[in-house]
Amino acid sequence: MKWRLGRFLLVMLLAIVITGCSTKEDVSTEDNNSGTAKKDGGTLVIARLSDAENLDHHFMSTINAASVTRSKIYEGLVGRDKNAEIKPLLAEEWKQLDDLTWEFKLRQDVKFHDGTAFNADAVKATFNRLLDPNVGSPRAVVFKMVKEVKAVDEFTVQFILSEPFSPLLSILASHEGGIISPKAIEKFGKEIINEPNGTGPFVFESWTPGQEIVFTKNKEYWGTKANVDKVVFQVVPEETTRISMLETGEAHIAEPLSVPMMSTVEASSKVEVYRSEGFGTEYIGFNFQNEPFNDIRVRKAISHAVEMDSIIKGVYNNVGKKANSLLGSKVFGYHADMEAYEYNLNEAKKLLAEAGYPDGFETTLKTMDSKERINMAEVIQSQLKGIGVKVNIQVLEYGTFVEQANSGDSEMFILSWRNATGDADYNQYNLFHTNSQGAAGNTFFYSNQEVDRLIDAARKEKDPNKRIELYAKSQELEMEDAIYIPVRVIENLAAVAKNVDGFEISPSGYLEINDVSIK
C-alpha cells in the first residue's frame, strides 16, 4: 500500500494525540449523528488484518475467509436471524419426513449472479461437488452424513441421510451450506473457485491476492437490496494504519481490533468500538503426534503451569470472559459446570518428573501475527520457565500459521475456533473427532474412540436434553485428556467510523454488512 505524507504523520501521532470526546458506546446501539440522514450508495471500505485464503466455501478453513463471502455472495437454504434463530433463506419452508429425509421447498424468484435460475438442480450440483471425493473438499466431512441430495421437482429438494443427524439445519446455515452457481461449478470443477458466483446481495468484481477483494451491489437481488453500491475488503496488516484510515475517511471499518488499541479508538471523535460476544473461544493447543506432547503427563503439567487469570487481565484487559472449554457460553451444548486445570506448579513439576523431564524441555509455541496472541505467547513463555520448560515463540503470517497447524507442523499453538453454527456438534466433531484430523479442524491430531462414539451419538439423538448430556460427557473426557488449555470466550471487536450504521459481527464471527449505510 502506498503511503501518503498525511497518513504517515497521522500514524505517528495517532497514539499520542486524538482530538474529540471519548465514547464507549457500542456502534450498533447508538446513533451518534442523529441529525445526519442516512443515504444509499457509496463505497464501503473494510480494512482487514489478512486476506482470505480462498473464496470457495468448499475449501475454506477459516471464518476469516468465510466472513468475506458468506451472506454477501453465497447464501444457504436457511440462515440465522439477529437472535441466532434459524430462518428461511433460499428455502421458504422445510420439514423432516422421517429420521433420514429432510425436504425443502425453494424460493421461485431467485437467480444467480450469472443469470442462471436457482432451483433444485442447482442445490444438488452444489452438494454433489462438495461431497465428491475427487474434488477433495476439506469441508466434506461436515456433510458426510448426506447420502444423496435429490431434486424432487424444480423447486423441491430432499436431503437423504445415511444416518440421523439432528443439527442439519445449523450446518446448512453456516458458510459450508452456501449454494454455488452450476455454471461456476462447471467452469472450475474440482479446482478452487476464484470467481465466486452465488445468489447474494453482492456480486464479485475482482480479487487482487494480498491487496483487496471488491464486490458490487446486486441490483437484481431477490431480497432486500444492499444500501451501499460497492464493498472493498482491503488487506492492511498494520493495525495503526487501519485505524488511521478510519480517521482520514479512507476506510469505514477496521477489523479485527486489538485490546491494546481500544483506548485509542475510544478517544477518537470519528471512530468507535464495536463489541459483541461470540460463539467461539481461544485456546492453547497441543499436537498429539509430536513428542513430548504425546504424553498426557506433559500436557497436564503444562495445563497446571499456565495461570490464566493474569492472561485474561494483563493481555486482554478482561475483554472476553475466561473460558472453561472450547464452547462459548451461548452455544447449544455448553457445559457450564466443567472445570479446567487449576494453577499448581508443584503438581506440574511432579508430572514432568514422572514423564521423564525433571529438568523440563525445550519446545516451540506458534502463533499468528496479532498483538494479543504475541503478548499471550510471551506470558506463557515466562510462566513455563517456572517448571523448566523453555518456550521458543514463532510468529507467523496468518495464512502460513493456519497451513502449518493444519498439516501438523506444530508442537504447541495458540488458536481460536469461531463456532459457525451455534451448535456443539460444529465444535465437537470438527475439533475432536478422529475423522476431522488436519484441515477439517482437529489440529491436535487427537483420537479417542469413546469421544468419537459420544459425538456420533449426539448427532443422531433427537432429544435436545439427551444431546446436552452426551456433549457434557465428551467435553469432560477431552478435558481429562488435556488436549488444550481454554483461554477465553471470544468477544468480537472492530473499529467503526461514526458515520456508519447497521454493521454487526454475528456470534459466529461473520461480518454482517448487508444493512450497512454510510451517513
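Start by selecting Ile73: with a relative accessible area of 0%, Ile73 is buried (buried means under 20% relative accessible area, exposed over 50%, partly exposed in between, with a 1.4 Å probe and protein chains only). Before you go on, keep in mind that this is a predicted model, where local features need pLDDT of at least 70, side-chain atom pairs count only at pLDDT 80 or more, and totals for chains, interfaces and linings use all residues. Residues are numbered from 1 along each chain as its sequence is written, and side-chain values use heavy atoms, with hydrogens and water left out.

**Stop 1: around Ile73**

Ile73 sits in the loop between helix 2 (63-69) and strand 2 (78-80). Helices (H or I, at least four residues) and strands (E, at least two) are DSSP runs, numbered from the N terminus. Now show the contacts of Ile73, where contact means heavy atoms within 4.5 Å. Leaving out neighbours within four places in sequence, Ile73 is in contact with residues including His113, Phe202, Phe204 and Phe215. For a distance check, pick Asp132: its C-alpha is 23 Å from that of Ile73, and the two are 59 residues apart in sequence.

**Stop 2: Met60**

Next, select Met60, in the loop between strand 1 (43-48) and helix 2. Met60 is buried too, with a relative accessible area of 0%. Setting aside neighbours within four places in sequence, Met60 is in contact with Glu53, Asn54, Leu55, Ala65, Ala66, Thr69 and Arg139.

**Stop 3: salt bridges**

Side chains of opposite charge can pair when their charged atoms come close. A salt bridge here is a side-chain nitrogen of Lys or Arg within 4 Å of a carboxyl oxygen of Asp or Glu, and by this rule the count comes to 22 salt bridges.

Which residues are linked with Glu282 in a network of salt bridges? Select Arg373 and Arg488 along with Glu282 and you have that network. Glu282 and Arg373 meet in a salt bridge at 2.5 Å, N to O. This pair links distant parts of the chain, with Glu282 in strand 12 (residues 271-286) and Arg373 in helix 11 (residues 371-384), 91 residues apart. Both Glu282 and Arg373 are buried. Glu282 also meets Arg488 in a salt bridge, again 2.5 Å, N to O. Here the link runs from strand 12 to strand 16 (residues 484-497), where Arg488 lies, and the pair is 206 residues apart. Arg488 is buried, as is Glu282.

Now jump to Lys462 and Asp99, a salt bridge whose closest N and O atoms are 2.6 Å apart. Lys462 lies in the loop between helix 14 (449-460) and helix 15 (464-480) and Asp99 in the loop between strand 4 (91-98) and strand 5 (101-106), so the pair ties together parts that are 363 residues apart in sequence. Lys462 counts as exposed, at 52% relative accessibility, and Asp99 is partly exposed, at 38%.

**Stop 4: Ser382**

Go back to helix 11 and click on Ser382. Ser382 is partly exposed, with a relative accessible area of 48%. Val306 is 76 residues away in sequence, and the C-alpha to C-alpha distance to Ser382 is 9.6 Å.

**Stop 5: His335**

Is His335 buried or exposed? At 11% relative accessibility, His335 counts as buried. You'll find His335 in the loop between helix 9 and helix 10. Not counting residues up to four places away in sequence, His335 touches Asn324, Ala472, Gln475 and Glu476.

**Stop 6**

Most residues other than glycine have a negative phi, and most peptide bonds are trans. Look at Glu255 to Pro256, where the peptide bond is cis, with omega near 0°. Pro256 is in the loop between strand 11 (253-255) and helix 7 (259-266). The bond from Glu291 to Pro292 is cis, with omega near 0°, and Pro292 lies in the loop between strand 12 and helix 8 (296-305).

Then select Phe445, which is not a glycine but has a positive phi, near 55°. Phe445 counts as buried at 14% relative accessibility. Finish at Ala482, in the loop between helix 15 and strand 16: its phi is positive, about 50°, although Ala482 is not a glycine. At 0% relative accessibility, Ala482 counts as buried.
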